[in-house]
Amino acid sequence: MLRLALKGARANLGRLILTLLSVVLGVAFVSGSFVLADSLRSIFDQVSEDAFAGVDAQVRAVGNDLNSSNAEVPRFSDEYISSIADLPEAKYAEGGIFAFERAYTVDANGEVVRPTGPPVFTGSWSGPSPVSSFRIIDGEAPVGQQVAIDPIQAERGGFTVGEPVTVSLPSGELETYTLSGTIDFGEGGTGGAFFILFDLPTTQHVLELEGLVDSIVVAAADGVSPETLVAAIAPVLPDDLEAVTGAVVIGEQKEDFGTFINIFGNILLGFAIVVLFVSTFIINNTFATLVGQRTRQYGLMRSIGASGKQIMQMVFLEAGAVGFAASGIGLVGGFGVAAGLKKLFSTAGGEFPEGPLEIRLRTLIVVVVVGMGVSLASAVVPALRAARVAPLEAFRTGGQPVRPLKVRIAFGSAVLIPGIALLCWGMFGDPGGTSATLSAIGFGGALTFIGVSMLSAMFAGAVASVIGAPVARLRGVTGQIAQGNARRNPKRTSSTVTALMIGLALISGVAVLTRSILDSFDEFLSESISADLFVFESNQNLEFSGALVDKLQTLPEVDQVAGFSPLEVRVDGDQVRATGFDSVTGTSVVNMGITEGTAAIGTKGLAVLDTTATELGLNLGDTVTVEFEDGFTTDLTIQGIFDDRSVIDADWLFDRGLTREHRITDAITFAGITFTPGTDPAVARAAVERVTGSFPQLAVQDNTEFKQQAEDQIAQLQIVISGLLVLCLVVAFFGIVNTMVLSVLERTREIGLLRAVGMTRRQLQSSVRWEAAIISVFGALLGVVLGVILGWASVIAISDSFISKTGIPWGQLVTFVIVGGILGVVAAWFPARRAARLDVLEAISTD
Amino acid sequence: MSTSQESVLPAARLVDGVKTYGSGDAAVTALDNVSVDFQPARFTAIMGPSGSGKSTLMHCIAGLDSLTSGDAYIGETRLGDLKDRKLTELRRTEVGFIFQAFNLVPTLTAEENIVLPLMLGGRKGDREWIDNVIDTVGLRDRLTHRPSELSGGQQQRVAVARALASRPTIIFADEPTGNLDSNSGSEVLAFMRRAVDEFGQSIVMVTHDASAASNAHRVLFLNDGHIVHDMSDPTADRILDTMKSIGS
Ligand SMILES: Nc1ncnc2c1ncn2[C@@H]1O[C@H](COP(=O)(O)OP(=O)(O)OP(=O)(O)O)[C@@H](O)[C@H]1O
Ligand SMILES: [Mg+2]
């Protein structure tokens with residue numbers, strides 16, 4: 001039986017290889033996702049261990065156990081460093097303070113030196129102590145008016161050790177330091193980030209965080225265990241500080257990176273599953289066609305004594321062989337995919353740390369199980385059909401009887417209806433929890449696609465006729481024959497284009513979603529923002545000096561300036577989302593939709609979001625107790641109620657005149673500017689840019705640019721997502737090649753006849769290609785229509801302040817259909833050539 | 001009869017045609033130095049035992065296969081000089097084919113099948129002539145049917161109509177009635193004969209059936225790649241006698 005199955009596989013090697021390729025692609029993607037995630041995990045585990053290599057204990061604010069950004073880190077006084085260092089259990093204690101995107105080096109041309117993508121990191125030098133995670137490559141550690149930076153930054157900025165380096169401070173001022181040396185992080189590699197290091201007092205000065213640290217790292221005296229050290233430190237600390245062992249910190253770090261990597265890995269895996277899913281249609285189609293073509297052969301075997309079970313086993317063996325081979329190739333291909341994905345993401349702006357790719361036993365097992373599973377599962381129906389072939393079939397002459405579509409329609413509906421129900425439940429209902437929602441959407445989507453694929457056979461013929469009509473009209477008899485062939489076997493047509501349909505459905509869905517987000521953003525910009533110019537940190541929307549607002553306000557070209565500053569405050573004891581803004585000028589730059597009272601709340605008042613007010617039972621004129629970051633507590637009166645939080649991103653609004661006093665640093669994340677009426681915008685803008693010029697991290701944009709930037713960012717995201725989904729199209733491509741090869745083979749005799757009565761090779765090729773084009777356009781149309789429905793449903797499902805309307809990207813959708821058609825033509829290239837090269841006589845005399 | 005037409009250009013002609021399949025010990029000589037002329041407006045039947053080279057002879061003259069040596073002509077055109085594209089064009093315009101079965105393109109209607117060679121050449125053809133042909137073969141009411149909706153005899157009649165539609169120099173038919181019952185068979189043969197008599201069409205037909213061959217003006221007998229007998233104005237009885245003498 002095995003020999004027979006292998007013989008069968010060998011006889012159909014060509015098409016099995018194509019099938020194999022489509023499985024390989026999915027399997028390789030799965031294996032690539034695992035390999036990449038595992039490798040990243042190892043790299044980041046190493047980074048975590050490096051970072052805290054010599055650390056026996058760490059002192060930090062309670063609750064600061066996450067790798068949070070500078071805005072949220074609760075900092076504390078550096079006076080504890082000496083009290084800890086004085087403990088007999090401690091050998092060494094060192095305070096550290098770090099922040100992202102606060103200071104930059106400036107090169108000789110006055111240009112800021114910064115990487116594209118990764119952040120610039122400013123912090124205190126903690127070497128050459130045993131707790132240091134930095135290493136000197138060249139020169140010395142920074143002391144006093146000295147700075148140390150990473151070698152890449154040094155090269156980019158043209159800085160040499162011993163020479164002065166200009167540093168741009170958060171306030172926008174420039175200071176000069178001497179480059180003491182170049183440094184490296186951990187075992188090497190900074191993940192693309194730039195580092196600017198000073199000694200602790202200088203860092204505190206540069207970051208405007210005098211006397212504060214993020215954490216204190218401690219090395220134990222000889223013979224003292226980390227646990228003993230932690231126990232000894234605890235009594236020195238106030239309630240809001242804690243000491244933990246280095247192992248705990250490393251564990252937390254790993255977990256923290258791990259969570260991110262898991263999410264990343266799971267997203268990749270999600271795409272891999274989509275590709276695999278798509279490839280099952282190709283395998284299924286191939287085996288269904290093979291079984292159909294071999295009906296006579298199976299009948300013959302049955303009549304000479306093979307049992308139905310044996311025939312079924314043969315089909316499964318063949319499928320298993322395909323799956324096994326695909327798993328092997330896919331596993332290896334996974335490395336390629338992992339490397340490719342790294343590339344894809346780094347071109348999209350991110351940068352991956354260096355490190356070897358690694359494969360774990362788990363990956364191996366999953367890949368083999370998935371590869372075999374997918375192949376065998378897709379062969380189930382064809383195998384059952386093969387088992388049912390009656391011995392009599394051996395003697396049937398002529399072609400295969402076309403089975404009626406009834407069963408298919410029944411099955412299709414039985415799958416489609418629960419699929420749609422599940423999908424809707426996932427999108428609009430509440431299955432409880434993210435993973436339940438995603439599972440509902442995933443399974444629902446899969447069932448929906450299977451259902452649509454099966455049902456599409458119903459109208460595949462009719463639609464192919466319609467699509468083919470212009471071809472038949474324009475291309476004469478060649479087109480007519482193409483059209484006829486395209487609608488000839490609706491089941492095969494619909495199975496063939498399923499992969500294309502799913503790929504394009506997802507891509508169009510994403511396109512619709514993207515367009516909707518952009519359109520909504522457009523609406524938001526015109527409704528909620530009335531500023532002529534915005535100022536913000538261009539990289540990650542980090543904070544910058546609030547003093548800028550005052551400087552800008554002095555410009556004659558500027559009418560109004562309002563700064564917005566995220567706050568850490570408690571209202572009646574509860575932590576809330578709050579923003580401080582310049583309440584006098586605020587409404588001239590943004591519209592927060594004041595429904596009651598006024599936006600000009602003043603330093604004794606505040607404004608609250610309408611839903612929050614309702615929730616808490618608060619009304620205009622009520623008083624609440626507010627505690628600020630620095631501990632200052634005061635009673636404030638509700639002066640205004642607003643309903644649009646899309647710009648200010650907070651439930652509570654305070655006046656910045658009050659909040660800047662009680663924030664550790666007077667920083668804002670966003671400033672809006674209106675020009676003095678009658679001023680030339682270009683002149684006004686130039687004036688603003690002269691002021692912001694000393695803040696290299698800041699972007700100054702008007703409405704159009706802001707929109708353009710958002711559009712670019714979203715478009716980039718769309719490109720990455722679509723880039724991954726394009727793999728579905730590659731699978732679809734193999735599927736079309738496969739089907740066309742099979743169809744051409746099946747029609748050998750007919751092709752011989754056409755050639756005999758005078759069809760030229762060129763005409764024949766053209767008709768095969770047109771046929772593929774018609775089929776593909778059918779699949780593409782189906783996909784685009786489904787995609788629009790999916791995209792539209794998603795817009796409704798996630799309907800939020802940032803996505804409020806559905807936008808249809810007509811141009812893109814039309815392009816997708818055309819791309820689908822071209823895909824078909826290209827896929828038919830080889831089968832068409834093959835058809836054209838058939839020997840006329842041999843072709844006529846085949847049976 | 002053949003002497004009186006000596007000066008007329010033959011519709012097709014084979015000169016010293018040799019066709020060998022394979023090489024060395026396994027070589028099979030399907031045509032062994034065969035020379036034959038097919039006169040215009042004549043119906044020629046080719047007979048002979050299985051494997052005698054009938055199909056090979058036809059394929060080589062019709063430009064479906066190439067000779068190992070010798071020359072084949074359709075009208076004045078020497079086939080050996082033609083590349084695939086020219087040869088295809090020649091088959092489309094100068095030659096008509098009727099095969100034993102699977103003569104029609106299943107996705108096209110009867111009418112489309114009839115005009116297929118014309119359409120392939122981007123020609124409309126002579127509509128009056130085509131109507132005439134359609135009426136002659138009696139397919140007027142079946143024009144929009146697809147082959148799967150036609151009987152075997154009707155399908156062969158469509159094939160005859162297709163072969164006639166482009167008014168080729170010569171039509172080749174390889175056992176055109178082989179798959180038909182005797183009634184539909186004789187119907188098809190009658191149409192072929194009418195095409196010769198009324199339209200002056202030249203037809204060469206391979207057949208195993210003596211009564212079918214008796215419709216022809218002339219019967220060629222092949223054996224082992226040789227023309228062993230050339231009979232004019234045949235009758236079924238004479239044909240059967242000759243067949244016996246050849247030993248099939
Ligand atoms: N493609 C081929 N390769 C090898 N030998 C061939 C090929 N085609 C035909 N032959 C051989 O050439 C000889 C003549 O074959 P041909 O088909 O012309 O016979 P035929 O007279 O048409 O027979 P039938 O009445 O059975 O159709 C036979 O011996 C056959 O085996
Ligand atoms: Mg023959």
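**Figure 1. Surroundings of Val113(A).** Outside the four sequence places on either side, Val113(A) is in contact with Thr105(A), Asp107(A), Gln153(A), Arg156(A), Gly157(A), Phe159(A) and Phe194(A), where contact means heavy atoms within 4.5 Å. The model is predicted: local features require pLDDT of at least 70 and side-chain atom pairs count only at pLDDT 80 or more, while totals for chains, interfaces and linings use all residues. Residues are numbered from 1 along each chain as its sequence is written, chains are lettered from A and ligands numbered from 1 in the order in which they are written, and side-chain values use heavy atoms, with hydrogens and water left out. Val113(A) belongs to strand E6 (residues 112–113) of chain A; helices (H or I, at least four residues) and strands (E, at least two) are DSSP runs, numbered from the N terminus. The residue has a relative accessible area of 4% and is therefore buried, a term that denotes under 20% relative accessible area, with exposed meaning over 50% and partly exposed in between (1.4 Å probe, protein chains only). Phe194(A), one of the contacts of Val113(A), lies 81 residues away along the chain, with a C-alpha separation of 9.0 Å from Val113(A).

**Figure 2. Helix H3 of chain B and its packing partners.** Helix H3 spans residues 110–120 of chain B and is mostly covered, with eight of its eleven residues buried. Those residues are Ala110(B), Asn113(B), Ile114(B), Val115(B), Leu116(B), Pro117(B), Leu118(B) and Leu120(B). On the chain A side, the buried residues of H3(B) pack against helix H12 (434–486), helix H20 (748–756) and helix H21 (761–797). Within chain B, the packing partners are helix H2 (84–93), helix H4 (127–137) and H5. Gly122(B) follows H3(B) and has a positive phi, near 70°.

Figure 3. Most residues other than glycine have a negative phi. Asp16(B), in contrast, has a phi near 50° and is located in strand E1 (residues 12–21) of chain B. With a relative accessible area of 42%, Asp16(B) is partly exposed. Arg167(B) likewise has a positive phi, near 45°. Arg167(B) sits in the loop that joins helix H5 (152–165) to strand E7 (170–174) of chain B, and its relative accessibility of 46% places it in the partly exposed class.

**Figure 4. Two buried cysteines.** Cys728(A) has 0% relative accessibility and counts as buried. Cys60(B) is also buried, at a relative accessible area of 2%.

**Figure 5. Chain B as the setting of the close-ups.** The secondary structure of chain B consists of eight helices and ten strands. Its radius of gyration is 18 Å, close to the 18 Å that the globule rule gives for 248 residues, so chain B is as compact as a globular protein of that length; the radius is taken over C-alpha atoms, and the rule is 2.2 Å times the number of residues to the power 0.38. Along the principal axes, the C-alpha atoms of chain B fill a box of roughly 50 × 45 × 40 Å. Of the 248 residues, 52% count as buried. Among contacts in chain B with a separation of 6 or more, 68% link residues 24 or more positions apart.

Note on methods: Lists of a residue's contacts leave out its neighbours within four places in sequence.
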